[in-house]
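Reader: I have a structure to look through and have not seen it before. Can we go through it piece by piece?

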Amino acid sequence: MSSNSKLGTAPVFFTAISTILGAILFLRFGYAVGSLGFFGALLIVLLGHLITLPTALAISEIATNTRVEGGGEYFIISRSFGLNIGATIGFALYLSQAISVAFYVIAFTEAFEPVFSWLSQTFDLNLPRQVISVPSLLILGVLILKKGANIGLKALYIIVAILFVSLALFFLGSTDFFASGDYGSNFDFKNSKNFYTIFAICFPAFTGMTAGVGLSGDLKEPKKSIPRGTIWGTLIGMVMYVFVIYKLSISASAEELTSVQLSMANIAIFGSIIIPFGLGASTISSAIGSVLVAPRTLQALANDKSFPSAKLNHFLSKGKGAANEPYNASLITLLIAVVFVLAGNVNFVAEIISMFFMITYGALCLISFLNHFGASPSYRPSFKSKWYLSLMGFVLSIWVMFKINAGYTIAAYSFIIAIYLYLNKVHKNRGGLQKIFLGALFQINRRIHVFIQNMRNESPEKEEWRPSAICISPNSLERTKIFDLMSWLSYKHGFGTYFHHLKGYYSKATKAEADAITHRLIERQKLDGDNLYIASMISPSYTTAIAQSIQTPSISGMENNTIIFEYMRKNPGELNSILDNINLTRAGNYDVCVFCDSGKNTRYNGGIHVWVRAIDFKNANLMILLGIIILAHPDWKKSHIKIFNVCASESIESNKLEIKQLIQDGRLPITLNNVEIIPIEEETNIKTTINQRSADAGFCIIGFRGEQLKKQGIELFNGFDSIGDTLFVNSSRIQEIE
């Protein structure tokens with residue numbers, strides 16, 4: 001904000017009200033009343049204000065919470081959504097403001113309708129409207145460029161006075177139609193099929209309520225002036241529109257209202273003079289408001305380096321004088337306005353403006369809603385709206401856009417999405433989303449967790465099993481295979497939490513070290529696109545770290561149910577610490593998995609081999625489920641599961657039937673060709689068989705029992721040197737395959 005800012009609330013109010021009671025009021029509301037009737041036109045006013053009022057309240061709220069500088073709505077959006085999203089919407093906002101300059105100048109030309117008619121009737125001279133609109137725009141541009149905001153605001157006060165005098169004479173006027181009392185048909189709701197088309201033409205009338213916000217960089221106290229000026233301008237404008245459409249309804253026939261563009265002139269006292277004069281005053285005031293605001297938005301975009309070229313940013317951000325008037329940005333704005341003035345179609349330009357303004361308004365309402373929902377402690381506006389009003393404004397803005405023109409809506413959103421993707425590519429260091437979304441996500445996450453917890457307490461027996469696995473290891477920076485396994489489990493059907501164990505006591509130094517490692521692991525995971533949750537655990541020993549981690553709530557909201565230990569095959573001594581701590585997990589009824597990193601490359605096309613033995617009556621279903629869950633990961637998309645069922649010779653047929661039934665009932669992605677029954681005698685070494693059959697497998701799953709662990713110790717996991725990575729599984733109970 002400039003140190004020379006001297007403006008108060010009055011400029012905000014007058015800029016807003018003069019834009020609201022502008023071109024559309026004089027040129028199109030007679031047509032709206034004649035086409036739709038009083039109640040149809042009233043619905044336009046009410047629906048329009050169901051969008052603009054929540055937006056006015058949202059702007060007022062956000063403006064009283066944050067320091068508002070130059071750029072108005074753009075500044076509010078960018079400081080709430082982040083610079084990339086803010087710039088994306090800012091470009092749409094700027095275009096709507098720049099095109100508005102042309103729109104109001106085109107409408108200003110309609111004030112000279114009596115002159116054009118006289119020339120046509122007297123001299124048979126049919127001049128294009130551009131003979132007035134183009135010079136008017138150039139004169140306006142020169143004044144603004146030379147004198148800046150001050151000349152615009154000085155003219156604004158005079159123009160507003162003319163506007164209110166013309167409206168007063170309109171309300172005081174009377175007609176023969178009113179005297180006849182034959183205006184009842186004007187109160188019928190007609191032509192409802194054309195409602196949204198007419199709404200699109202009339203909606204720009206209400207967009208003026210944010211015009212004063214664009215002066216934020218020139219205000220003494222924007223936190224006071226913006227709410228007061230914006231809300232009062234919106235409310236008074238809405239009341240005035242209701243009175244205007246009522247006056248039109250009782251003063252002229254539907255035929256006159258739809259056929260005569262300046263039908264208000266036939267109603268007002270001295271109407272043939274005062275209404276064109278009032279139209280000229282209102283449109284030129286609106287044009288002044290837009291030509292003051294649009295360059296400031298563009299200047300703010302350039303100040304934030306939103307354009308890919310440093311030279312372009314410097315050129316557009318360059319100001320003039322002590323007040324830093326946006327001289328270069330004004331030149332660009334006038335150039336855009338000239339292009340649309342040459343087009344000269346009020347209705348066409350009105351629809352474009354409506355689309356871009358509604359995108360902006362929807363964004364402002366969404367910011368307010370997310371701030372309410374996120375409940376950030378730093379969000380303490382002195383003026384407060386209601387969350388449901390903001391949500392209503394956001395939803396209605398999108399809904400109305402589609403009702404007006406679905407093609408324009410898709411094109412508008414495609415335009416801003418393309419800009420956002422481009423900005424995100426150019427400015428990778430600028431966050432796309434800021435804390436406002438995080439606050440909302442925190443609240444959603446909290447509520448979902450509480451909901452899930454309550455549901456689980458009410459009906460724990462109905463809970464469907466899926467892995468919610470935790471792994472804790474001190475070898476995070478040296479080993480990656482365990483991250484692959486955890487990612488496979490948490491990709492689609494399960495959840496995974498990985499803890500890096502930092503040995504030591506909690507202190508500033510260890511906390512800083514743990515945070516650095518966690519950040520490094522998260523960045524590595526981002527490159528892989530995994531869904532694994534990563535954290536660090538500072539603890540004096542591996543045992544205490546495990547005790548802490550198994551008591552940590554799952555990020556999924558369900559209880560953790562699986563713990564995974566990991567070791568390298570070339571370092572079998574690591575198994576000692578694992579075996580020492582397996583019993584600790586039994587207190588929580590955890591399923592225990594021991595992952596052996598073979599040190600070999602994973603042969604994904606070799607498939608996942610699941611070895612089921614007679615001792616695996618508890619483990620079998622869990623082993624098969626884990627195999628199916630791992631297979632769902634894209635790494636294994638061209639692979640398969642193969643089940644090896646090791647049993648005594650007399651059990652072959654019964655085992656075949658059981659497995660066939662299991663595959664059919666459980667709808668398992670396993671073909672019967674990939675099920676092999678292996679008869680084996682007691683004296684046969686099962687490890688030798690596994691080494692032979694699974695030497696080329698990509699991954700092996702083998703079960704083990706607690707009794708074996710007690711008898712064999714670490715030897716239970718040794719002797720599988722020929723196979724690749726292996727997951728040893730011990731289930732706490734028989735899992736159902738539904």
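Author: One term to begin with: helices (H or I, at least four residues) and strands (E, at least two) are DSSP runs, numbered from the N terminus. In those terms, phenylalanine 270 is found in the loop between helix H12 (254-259) and helix H13 (271-303). This is a predicted model, where local features need pLDDT of at least 70 and side-chain atom pairs count only at pLDDT 80 or more, while totals for chains, interfaces and linings use all residues. Residues are numbered from 1 along each chain as its sequence is written, and side-chain values use heavy atoms, with hydrogens and water left out.

Reader: Is phenylalanine 270 buried or exposed?

Author: Phenylalanine 270 counts as exposed, at 62% relative accessibility. Buried means under 20% relative accessible area, exposed over 50%, and partly exposed in between, with a 1.4 Å probe and protein chains only.

Reader: And what is phi of phenylalanine 270?

Author: Near 55°, which is a positive value in a residue other than glycine. Most residues other than glycine have a negative phi. Asparagine 589 also has a positive phi, of about 55°. That asparagine 589 sits in the loop between helix H23 (575-586) and strand S5 (591-597), and is exposed at 52% relative accessible area.

Reader: Switching topic. Where is asparagine 313?

Author: Asparagine 313 is in helix H14 (residues 310-317). It is buried, with a relative accessible area of 6%.

Reader: What is asparagine 313 in contact with?

Author: Neighbours within four places in sequence aside, the contacts of asparagine 313 are Leu301, Ala302, Lys305, Ser306 and Phe307. Contact means heavy atoms within 4.5 Å. A polar atom of the asparagine 313 side chain lies 2.7 Å from the backbone oxygen of phenylalanine 307.

Reader: Now H18. Which residues of H18 are buried?

Author: Thr409, Ala412, Ile416, Ile419 and Leu423. They are on the same side of H18 because they cover an arc of only 100° around the axis; the arc is that of the directions from the helix axis to the C-beta atoms. On the other side of H18, Leu421 and Lys425 are exposed.

Reader: What covers the buried residues of H18?

Author: The cover includes helix H5 (83-109), helix H16 (346-374) and helix H17 (387-404).

Reader: Which residues touch the most other members of the largest nonpolar core?

Author: Leu21, Phe29, Ile44, Phe103, Tyr241, Leu248 and Ile275, out of 110 residues. H5 gives the most to this core, with 15 residues. A nonpolar core is a set of buried Ala, Val, Leu, Ile, Met, Phe, Trp, Tyr and Cys residues joined through side-chain atoms within 4.5 Å.

Technical notes:
Polar contact = N/O pair within 3.5 Å; in protein donor to acceptor, adjacent residues only side chain to side chain.
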